[in-house]
Amino acid sequence: MSKFVGFTGRLQLDWGDFSQAISNQGTTVNAGKYAFTLSPINWVDGDVSVYIPAMTFTDGVSIPSWLWMILPRWGDISTIAGILHDFLLDGILDEKPALGFEKRSTVDRTFRKALIVLGVARWRAYVAWIGVRMNSICYETFGWPPQRSELMQRLMKEGTGNASI
């Protein structure tokens, strides 16, 4: 039984030019809000392993904007935990959840654990977890925000740009 908990792989993102693609659909977004991974990442928690393939769509850390001063959407060590959360959540929304991650609450708890493993202060990890739980509860209760998978499908139709970091 492995006791390792953490990420393997190298985080590389392609920011593309999604703002134009979505604007054409009648929705305005800020450039730099969405990205695709360029290389695979793996989350390992003991005997549980989640493989996140290249070209995984993400919107960074999905917490309410008023919490970004505590945990920014992008550019923080927490970004990779946000990508894990997005990947696992997309599996649920597409009705193809990863084994052991069938519930949003489990995915949200895994996000919190990943933040702590990455070295984010516990209090910040718990505040961010409350933020994602709020989003999950709003979605489960009111159907808001819209399913990320629908947005991802629209963006992939339009293609990505060549701007990468």
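Ile130 sits in helix 4, and that is where I'd like to start, everyone. A quick word on the model: it is predicted, so local features need pLDDT of at least 70 and side-chain atom pairs count only at pLDDT 80 or more, while totals for chains, interfaces and linings use all residues. Residues are numbered from 1 along each chain as its sequence is written, and side-chain values use heavy atoms, with hydrogens and water left out. Helices (H or I, at least four residues) and strands (E, at least two) are DSSP runs, numbered from the N terminus.

Together with Trp66 and Met134, Ile130 forms a nonpolar patch on the surface, about 310 Å² of accessible area in total. Patch members have over 30% relative accessible area and no salt bridge, with like charges joined within 9 Å and nonpolar side chains (Val, Leu, Ile, Met, Phe, Trp, Tyr) within 5 Å. A salt bridge is a side-chain nitrogen of Lys or Arg within 4 Å of a carboxyl oxygen of Asp or Glu, and the areas are Shrake-Rupley values with a 1.4 Å probe, where for residues only the protein chains shown count as cover.

Now the rest of helix 4. Its buried residues include Ala128, Val132, Asn135 and Tyr139, and among the elements covering them are helix 2 (79-93) and helix 3 (104-118). Just after helix 4, Gly143 takes a positive phi of about 75°.

On to the strands, where pairing requires at least two DSSP bridges between two strands. Strand 4 (residues 41-45) has four of its five residues buried. What does strand 4 pair with over five bridges in the antiparallel sense? Strand 1 (residues 5-9) is one such partner, and there Gly9 is bridged to Ile41. Five bridges also join strand 4 to strand 5 (residues 48-52), again antiparallel, with Trp43 partnered by Val50. Strands 4 and 5 make a hairpin with two residues between them, and Gly46 in the turn has a positive phi of about 65°.

Last, there is an open sheet of three strands in the order 2-3-6, paired antiparallel. Strand 2 (13-14) and strand 6 (57-58) are at the edges with a single partner strand each, so one side of each has no neighbour in the sheet. Strand 3 (residues 35-37) joins strand 6 through two bridges, and Ala35 stands opposite Thr58.

Note on methods:
Buried means under 20% relative accessible area, exposed over 50%, partly exposed in between (1.4 Å probe, protein chains only). Contact means heavy atoms within 4.5 Å.
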